[in-house]
Amino acid sequence: MKTLSHLDQLEAEAIYIIREVAAECEKPVMLYSIGKDSSVMLHLALKAFYPEKPPFPLLHIDTTWKFKEMIRFRDRKAVELGIELLVHTNQEGVQKGINPFDHGSAYTDIMKTEALKAGLQHHGFTAAFGGGRRDEEKSRAKERIFSFRNSAHAWDPRNQRPELWQLFNTRLNKGESLRVFPLSNWTEKDIWQYIQREKIEIVPLYFAKERPVVIREGNLIMVDDHRFKLRPGEEIQMKKVRFRTLGCYPLTGGLESNADTLQAIIDETLATLTSERTSRVIDRESAASMERRKREGYF
Amino acid sequence: MKPAKPMEKMTHPTRSLLKFITCGSVDDGKSTLIGHMLYDAKLIYADQEQTLLLDSRLGSREGRMDYSLLLDGLTAEREQGITIDVAYRYFTTQERSFIVADTPGHEQYTRNMAVGASFADLAVILVDVTQGILTQTKRHLRISALMGIRHFVVAVNKMDLIAYDHHRFEAIKNDFLSLASAYEVKTLQIIPVSATEGDNVTTRSLNTGWYQGLPLLPYLEQVEVTREALDAGFILPVQRVSRPNHAFRGFQGQIASGRVSVGDTLISLPGRESARVKSLLVTDRTVELATTGQPVTVQLDRDVDISRGCLLVQNPDLNVADLFTATLLWMDDTELIPGRSYLLKLGTRVLPATVMTIKHQIDMTSGRQIPAGKLFKNEMALCDISLSENMVFDEFKHNRTLGSFILMDRLTNMTSACGTIDHPLRRSTNVIWQKTDVTREVRAAQKNQKPLTLWFTGLSGSGKSTLANEVEKRLLAMGRHTMLLDGDNVRHGLNKNLGFTEVDRVENIRRIAEVARLMNDAGLIAITSFISPYERDRGNAREIIGDSYMEIHVSTPLEECEKRDVKGLYQKARNGQIPNFTGISSPYEEPLSPDISIDTTHISIEEATDLLMQQISRYLSPL
């Protein structure tokens, strides 16, 4: 019996999970963040149901502060693939002018966490796929693949249902919903190798290019539009940068790089001994911050 | 910190994957061992190292590097200094990719250890050399074996504390070998290590010159854990049927064993229809051949009745039965009581199942058989399990996919237990009932419902008989098992000798309540339709019937009933032709707290039935 390669095993596992959700869950949705993990997850969904289209829509939580290139990529992809794309924004937050410059961690709570909860509630989704990986961060390392949220969308890490073999229990109690992480067992390296093997298109921001940036607290923050508020002493400089993760542009640190091809990114990624969440500003707060956020409903 | 050699890592994209768990007692140092392995092998990222140093300063070890902090992720765990849930870690060396599930050692988290073990091919069991083999060690070995692990490494830890004494190591080694002889073990390596000092973790220690084997990491890099080929042939549990259009009908799933080619003849189970493979997809690629573990979409050359939960196989000689003996590991806070009904998931099939008998509990440490009437969290037992329908399964030792299952609680939806099938049972040849235990629960479970008595009360002409009749029809259509008791079938037989005096009325209601209770004991939903005017009598019925009693007050007012007067009874009563007529010459005591109340004055029969069914549905167990 020939064993499957490492990537084939991960692919098979993810497809099995995605198909289980489609078969057992009442109203699933795939959260689509436009990043590389989402791109891989969407690609897996397309493969899982081929020649059928995935039997669920995509949902993007738009904070209105994403990179412009991400939004263009998102809208083009949805049309190309012929998949229903839902976009949800916390309009109340927009009206109140909640923004990442002035509101710090409250911004993430209001425009991401709250918006996500409201988006899921609004459409009545009972299960949501997320692209989270266990290698990203320590509290995520302990989360089940099928992870339950109570009616307040909160995670109870101390009381997770046991998950055995490939026998996933998808049964919900009243008010509960599911988060499902088909990429749980993938590492950042697996993601890049798979993108390369499958020739998956990703947002060009992942490739190094001359971009206008400001150096802020050691991070290279790209000035993506006129809303960027310069602090005294800051100046916009052109630097060749790329992004390891994509999110809201004021909260996403780029890194100086010449890697403008997939192979170059992979080589560089593996040579850099920093884990990718370093470039997400919120994680710096404290080691326990992610666990707290997840308990409160952050994806 | 020196960077690893990334370019070389990239050159093995087809490298194999080893999934393993680490287990041991609370203070054996599992997290420290894995943390140290990752650290030594330069497999942790620089910023994780910074966090580690930072956390160490804040942590319990007073500034010394605490490798376990790399793994213990949850805040609660760090505060308590123990591991409460499985933590997964990913690393790659030049030889192999690894996923390690670090599992909790503490007894109360046994079920979390089982979660880790079900995922792994190999177990690294830690033994503290100063403690020797503990009950936990024995427990972990048993759980690992139950969940299907056949490859073991024993890391005899804290060798530094006994000055690397060879004899004490040998003593523990012999203890373990005799312990392991009771299990099916394919490979076993026993290694002397020190997790804090790093002896034999990634490199051979100079302190243990007497140990000839490989250190831990090099051993894990080369150990072969491939499961041998199965003779069972091709098996595909169908996950879903894909029908994007009329021309295409594909059966999707992950191949559980064997291989399949275009042109092969396959048989569906349990339907036993055969067809040839017309086309084969592995994900979105058209292929001629697919093998174990691959996600496939199979198209057949003719229409076969197959849905999720069915199987496509080459060899149809699999067990198709509704009864088997299995080893259960109970994981729920609510204990197992034989006779209770659960939902069983095996492969892609979910069906109601009942644990009929606990044959005996298995002591986790000694393996001794203990008689038991119940099974509590983290206990293990051999049980007979009965299914509501025939299902395809296999013994776990032959086939992991068709031999393993979970039980889900039908009310809380909790994953209550996991189990592995030992052997099938034949109903006719097996006396399966424990003592006289064909209980009410068992009878109800067989009918897949919760027994209830729907006690309709109300004035003559209020509509109770009509509604009782309609409700029974609806329930029947839903696949429920019911029995309607009304004046027609009770007064003319069982209660033929009773008249309409108050004494007889009381006796009438008492008998009806007793019969309803017997029907509930038989697992049925009993529906009674009698005026039952006295609160005391209804209270008596409630007492006889117990928790299954549900009072439905058809509260249509007297004026309306009298206006309808379908049988002309009110007219006769008013004329004094009927003595003791409820509402006219005899009182009707309004129910004080009925479960459901319905007035039919202004609504149609259908609307009233809809309303009733909405309410009743809340009391029915889910199918």
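Two strands count as paired if DSSP finds at least two bridges between them. In this predicted model, strand E4 (residues 122-128) and strand E5 (residues 151-157) of chain B meet that condition, running parallel with seven bridges between them. Within the pair, B:Val127 lies opposite B:Val156 of E5(B).

Strands E4 and E5 belong to an open sheet of six strands in chain B, whose order is E2-E3-E1-E4-E5-E6. The pairing across this sheet is mixed. In general, the strands of a sheet pair through backbone hydrogen bonds, in either a parallel or an antiparallel manner. The edges of the chain B sheet are strand E2 (87-92) and strand E6 (187-192); each has a single partner strand, so one side of each has no neighbour in the sheet. On average, neighbouring strands are turned by 20° against each other, with direction ignored.

A helix also packs on this sheet: H6 (residues 135-146) of chain B touches strands E1 (17-23), E4 and E5 of that chain. The direction of H6 makes about 175° with that of E4(B).

The nonpolar cores come next. The largest has 67 residues, and the members touching the most others are A:Val40, A:Leu44 and A:Trp186. Helix H1 (residues 6-24) of chain A supplies the largest share of this core, eight residues. Beyond its neighbours within four places in sequence, A:Leu44 is in contact with A:Glu11, A:Ala14, A:Ile15, A:Ile18, A:Leu183, A:Trp186 and A:Tyr194.

Key
Residues numbered from 1 in each chain as written. Chains lettered and ligands numbered in written order. Predicted model: local features only at pLDDT ≥ 70, side-chain atom pairs only at ≥ 80, totals over all residues. Heavy atoms only, no water. Core = buried A, V, L, I, M, F, W, Y, C linked by side-chain atoms within 4.5 Å. Buried < 20%, exposed > 50% of the residue type's maximum accessible area, 1.4 Å probe, protein only. Helix = DSSP H or I, 4+ residues; strand = E, 2+ residues; numbered from the N terminus. Contact = heavy atoms within 4.5 Å. Axes fitted to C-alpha atoms, helices over the stretch in contact; angles between N-to-C directions.
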